[in-house]
Amino acid sequence: MKAVNAVIGGEGNGGIIYPALHYGRDAMVGIALFLSHLAQFGKSCSALRLRYPSYCLIKNKAELPPEVDIEAVFERLKQKYKNYPQNTIDGLRLDFDRDWVHLRRSNTEPIVRIYAESSTQVTATAMIRQIQKDIKEYAAMQ
Amino acid sequence: MSVIASISGIRGTIGGKVGDALTPIDVVKYAAAYGTYVSRQLSGKRGKIVLGRDARISVDMVRRLVIGTLQGIGLDVIDLDLATTPTVEMAVAAEKAQGGIILSASHNPKNWNALKLLNEQGEFINDEQGREVLQIANNGDFHFADINNIGNYSSNSSYLQYHIQKIIALDLVDLNAIKKRGFRVLVDAVNSVGGIAIPPLLRALGVEDIIEVNCIPDGNFQHNPEPLPENLNAIANEVRRNNADLAFVVDPDVDRLAIICEDGTMFGEEYSLVAIADYVLKYKKRRYRI
């Protein structure tokens with residue numbers, strides 16, 4: 001956020017960072033900004049929510065035996081999905097047309113966190129299942 | 001039972017064997033390692049650390065251990081006592097302290113606790129600094145002050161007001177519009193520090209009709225403290241029953257925000273940031289576009 005001079009940032013888990021106040025997740029400044037937004041909007045909270053497109057984001061994980069080389073699993077995934085745009089800034093993100101999957105390894109446990117977003121729950125669930133299957137297969141090959 | 005020492009902090013469950021949980025011995029070990037790390041940067045000068053805590057049942061025990069340990073290292077302790085994570089972060093900068101420790105396991109269940117470690121800017125220490133702290137802890141490479149250099153202790157309860165005043169002074173916080181709407185707002189603070197922080201914030205923002213749920217900060221979390229939809233069904237019913245315009249749900253250390261609409265539907269945790277970014281960018285877009 002500092003590098004790009006971001007005016008607002010945060011995380012999908014409800015963490016709001018507003019640098020005009022300080023660089024840290026802060027629900028209190030989030031409340032003040034949200035109420036200002038809703039007050040100016042002039043209608044109900046659910047009407048404000050409907051202004052934003054709806055996506056289904058599913059969070060899941062794949063558990064692996066501790067001895068598995070997770071980096072090697074990621075390499076194989078990159079190969080398998082090499083025809084799709086990939087981003088490795090924070091784990092591995094794969095973009096499929098209008099949907100995406102994001103994989104992150106945990107610093108503290110032998111798991112890979114899997115996030116999948118799509119306009120429908122069916123597609124998001126299917127993407128999670130496919131990636132879990134891929135990971136299991138590549139882990140077993142080691 | 002477990003203790004997880006990572007670069008962003010030390011978290012663990014309370015009770016059990018040393019090294020296998022966040023026992024008093026482990027608390028002192030990591031507090032001493034962090035204190036030693038901070039005092040190394042000071043080259044003999046006097047330093048101070050800001051301390052804050054959430055409302056966990058175990059936190060009074062943990063904070064007494066941390067205070068004594070930091071004083072033993074030779075650091076002055078400014079104790080905010082019950083304070084949100086962002087309040088502690090802002091106090092570190094305002095006090096020009098050399099660092100801060102927040103005692104809170106954030107959204108983890110009540111048998112967990114953690115030491116979250118801040119740098120002199122009130123931000124989480126980085127990877128390299130975190131590794132150095134863990135190295136000091138693992139090597140037992142602590143350094144304690146002699147009798148003439150033991151740190152002082154003082155408490156300061158003014159930082160919640162400081163935090164609130166800084167928020168209401170922000171350009172994009174529209175006090176007139178909020179007051180005019182006459183919102184009825186329900187607050188669920190899951191029995192932690194949000195219970196003493198959010199209602200006064202709302203009053204300062206011009207909200208007069210506030211319904212407090214789980215706002216007694218006694219650490220007996222009335223639902224799973226992670227603000228996910230599956231943990232918020234009872235609160236959604238309260239929103240409808242009370243005809244509230246919306247509800248704010250925070251986690252035990254008030255760094256995450258979930259919103260519930262007037263009809264009891266979840267605004268969605270991913271959408272808290274979406275809506276707020278939409279608002280901020282409405283005013284800031286042009287100047288900052290890259």
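Predicted model: local features only at pLDDT ≥ 70, side-chain atom pairs only at ≥ 80, totals over all residues.
1. Extent of the contact. Chain B contributes 60 residues and chain A contributes 49 residues. The size of an interface is often given as the accessible area lost when the parts come together. Here the area buried between chain B and chain A is about 4600 Å², and carbon and sulfur atoms give 70% of that area.

2. Charged and polar pairs. Four salt bridges are counted between chain B and chain A. In a salt bridge between Glu270(B) and Lys59(A), the closest N and O atoms are 3.5 Å apart. Across the interface there are also 24 residue pairs in polar contact.

3. The side of chain B that touches chain A. Several elements of chain B each supply at least two residues to this side, among them β1 (3-6), α3 (85-94), α7 (194-204) and β11 (257-261). The largest share comes from α9(B), with 17 residues. By type, this side of chain B divides into 38 nonpolar, six polar and 16 charged residues.

4. The largest nonpolar core. This core has 55 residues. Those touching the most other members are Phe34(A), Leu35(A), Leu202(B), Leu205(B), Leu246(B), Phe248(B) and Phe267(B). Helix α1 (residues 27-41) of chain A gives the largest share of the core, ten residues.

5. Leu205(B) as an example. Neighbours within four places in sequence aside, Leu205(B) is in contact with Ile31(A), Ala32(A) and Leu35(A) from chain A, and with Ile168(B), Val173(B), Leu175(B) and Ile178(B) from chain B.

Methods
Residues numbered from 1 in each chain as written. Chains lettered and ligands numbered in written order. Heavy atoms only, no water. Contact = heavy atoms within 4.5 Å. Buried area = accessible area lost by both parts, 1.4 Å probe. Salt bridge = Lys/Arg side-chain N within 4 Å of Asp/Glu carboxyl O. Polar contact = N/O pair within 3.5 Å; in protein donor to acceptor, adjacent residues only side chain to side chain. Helix = DSSP H or I, 4+ residues; strand = E, 2+ residues; numbered from the N terminus. Nonpolar A, V, L, I, M, F, W, Y, C, P; charged D, E, K, R; others polar. Core = buried A, V, L, I, M, F, W, Y, C linked by side-chain atoms within 4.5 Å. Buried < 20%, exposed > 50% of the residue type's maximum accessible area, 1.4 Å probe, protein only.
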